Amino acid sequence: MQIRILIVDDEEEFCQTLAERLTLRHYHVTTSYTGQDAIEKITHFNYDIVILDVQMPGMDGIDVLKEIKKLKPLTEVIMLTGNATVESAIEGMKLGAFDYLMKPCETEDLISKIKRAHEKKSEHEERIRDAKIKEIISSPRTVLHSE
Amino acid sequence: MKMNNNINQIGISFFGRVMASISHEMKNRVAIIKEHAGLLKDYSAMAEQGRKIDMERLGRLGKALTEQVVKADDILKNMNQIAHSTDEIFGQVDLKELVKLVIDLAKRPANLYCIELVFQTSEFPITITTSPFFMMNLIWLCLEEMFKLVESKGIIELKLESQNGNGALIRMIINSEITKTDANVINDNLLHLSLALQTAIEWQSADQTLLLQVPVNITGS
């Protein structure tokens, strides 16, 4: 299955070109130009990774990140920052972002972070599946009760 | 114009904020140019593998690259102008061009507040003698204070009127809902600068308008 990515940045041209480049690399990519639109999409669809700009008009990247972690805690977020300082990126990582990149970023670095973020998400999901299987094996009745 | 440490500190802070905003904007342009260039490289690699390339897309990409370079050049021109505004403490300036430059510089912070800046003036120059750098600082500070008042998504209109040889009047009008009707827009920094530049500043809350009366010449003091 293709890795599903959502790119969130108010710079439409940046979003579109990055989306095209990631699509050429066989990722399934969607774009959002506002924080509100991103939240709307994340509420209704499942993405593996969100590439999120920190500074946006209206709802900024940090607010969007907080919402993502509430709605879909397993979705991994890579923050993009245009600042030379990393304070906002560090704040993002404290709030659960997987990693950050500074604009302009090297494509290889972004791809490498996407792969690692996806591995982390997959491992996490596998552990949840294993825990559920163990629960079923140890107490099959719980499955009956939950259904 | 009396320069004291307080005024200098306000000026340094303004310069820092403008430079931060410009560098952020430049980073965005460079990031877009880099992605466009990367996509051209991707297409080139695809062509080498014998895959068909959409020539129309290549043409659009070239056009987009040129447009981004033009935008980056405009940003650098603004940066150059503000840097040179400190060449001399006093100078003769066209206030219309000066306000236009401040609006260009303030577009990015305004955008972060979802605010559009609209400028209205006559086609004729309005020549005054002032401190160009600190005059820009004063107008920028006025706008910053007004940004904080706009509820969400709004327009701030700047109207520049000549006062028939007696300087000029700048009206800054918030054309949308404001958060606090009793807010004190004119803070200490604005007052210090206004005093140093011999301008008269007044916030008319009923009209959501800030009036800035600019003298024609301040070098005499």
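# Two chains and the contacts that join them

In this predicted model, the area buried between chain B and chain A is about 2,100 Å², and carbon and sulfur atoms give 51% of that figure. The size of an interface is often given in this way, as the accessible area lost when the parts come together. Counted by residues, the interface brings 22 residues of chain B into contact with 20 residues of chain A. On the side of chain B that touches chain A, the helices α1 (5-48), α2 (55-84) and α3 (95-112) of chain B each supply at least two residues. Of what makes up this side, α1(B) gives the most, with 15 residues.

Charged pairs form another part of the interface, where the count between chain B and chain A is 6 salt bridges, while the count over all chains comes to 25. In one salt bridge, the side chains of A:Arg21 and B:Glu35 meet with N and O 3.2 Å apart. A:Arg21 lies in helix α1 (residues 12-24) of chain A and B:Glu35 in helix α1 of chain B, so this pair joins two chains. Both of these residues, A:Arg21 and B:Glu35, are buried. A:Arg25 forms a salt bridge with B:Asp42, and here the closest N and O atoms are 2.9 Å apart.

Helix α1 of chain B also holds B:His24, which counts as buried because its relative accessibility is 5%, below the 20% cut-off. Leaving out residues up to four places away in sequence, B:His24 touches A:Gln55, A:Gly82 and A:Asn83 from chain A, together with B:Arg108 from chain B. With B:Arg108 there is a polar contact, made between the two side chains at 3.1 Å.

Within chain A, salt bridges link parts that are separated in sequence. A:Lys121 forms a salt bridge with A:Asp48, with the closest N and O atoms 2.9 Å apart. Because A:Lys121 lies in helix α5 (residues 107-138) of chain A and A:Asp48 in the loop between α2 and β3 of chain A, the pair ties together parts that are 73 residues apart in sequence. A:Lys121 is buried, with a relative accessible area of 5%, and A:Asp48 counts as buried at 4% relative accessibility. These two residues also belong to a network of salt bridges that links A:Arg4, A:Asp48, A:Lys121 and A:Glu125.

A:Lys120 is partly exposed, with a relative accessible area of 39%, whereas A:Glu76 counts as buried at 3% relative accessibility.

Another part of chain A to follow is helix α3 (residues 61-71), whose buried residues are A:Gly61, A:Ile62, A:Val64, A:Leu65, A:Ile68 and A:Lys69. They cover an arc of only 155° around the axis, which puts them on the same side of α3(A). An α-helix has 3.6 residues a turn, so residues three or four places apart point the same way. The buried residues of α3(A) pack against α2 (35-44), β3 (49-53), β4 (76-81) and α4 (87-94) of chain A. At the start of α3(A), a side-chain oxygen of A:Asp60 comes to within 3.2 Å of the backbone nitrogen of A:Ile62.

The nonpolar side chains remain to be described. In soluble globular proteins, nonpolar side chains tend to be buried together. The largest nonpolar core here has 59 residues, of which B:Leu95, B:Leu117, B:Ile139, B:Leu143, B:Ile156 and B:Met172 touch the most other members. Helix α4 (residues 132-147) of chain B contributes the largest share of this core, 12 residues. When neighbours within four places in sequence are left aside, B:Met172 is in contact with residues including B:Ile139, B:Cys142, B:Leu143 and B:Met146, as well as B:Leu210 and B:Leu212. Apart from this core lies another, of 23 residues, among them A:Ile5, A:Leu101, A:Leu110 and B:Ala31.

Definitions and conventions:
Residues are numbered from 1 along each chain as its sequence is written. Chains are lettered from A and ligands numbered from 1 in the order in which they are written. This is a predicted model: local features need pLDDT of at least 70, side-chain atom pairs count only at pLDDT 80 or more; totals for chains, interfaces and linings use all residues. Side-chain values use heavy atoms; hydrogens and water are left out. Buried means under 20% relative accessible area, exposed over 50%, partly exposed in between (1.4 Å probe, protein chains only). Helices (H or I, at least four residues) and strands (E, at least two) are DSSP runs, numbered from the N terminus. The arc is that of the directions from the helix axis to the C-beta atoms. Contact means heavy atoms within 4.5 Å. A polar contact is a pair of N or O atoms within 3.5 Å; within protein, one must be able to donate a hydrogen and the other to accept it, and residues adjacent in sequence count only if both atoms are side-chain atoms. A nonpolar core is a set of buried Ala, Val, Leu, Ile, Met, Phe, Trp, Tyr and Cys residues joined through side-chain atoms within 4.5 Å. Buried area is the accessible area (1.4 Å probe) that two parts lose on being put together, summed over both. A salt bridge is a side-chain nitrogen of Lys or Arg within 4 Å of a carboxyl oxygen of Asp or Glu.
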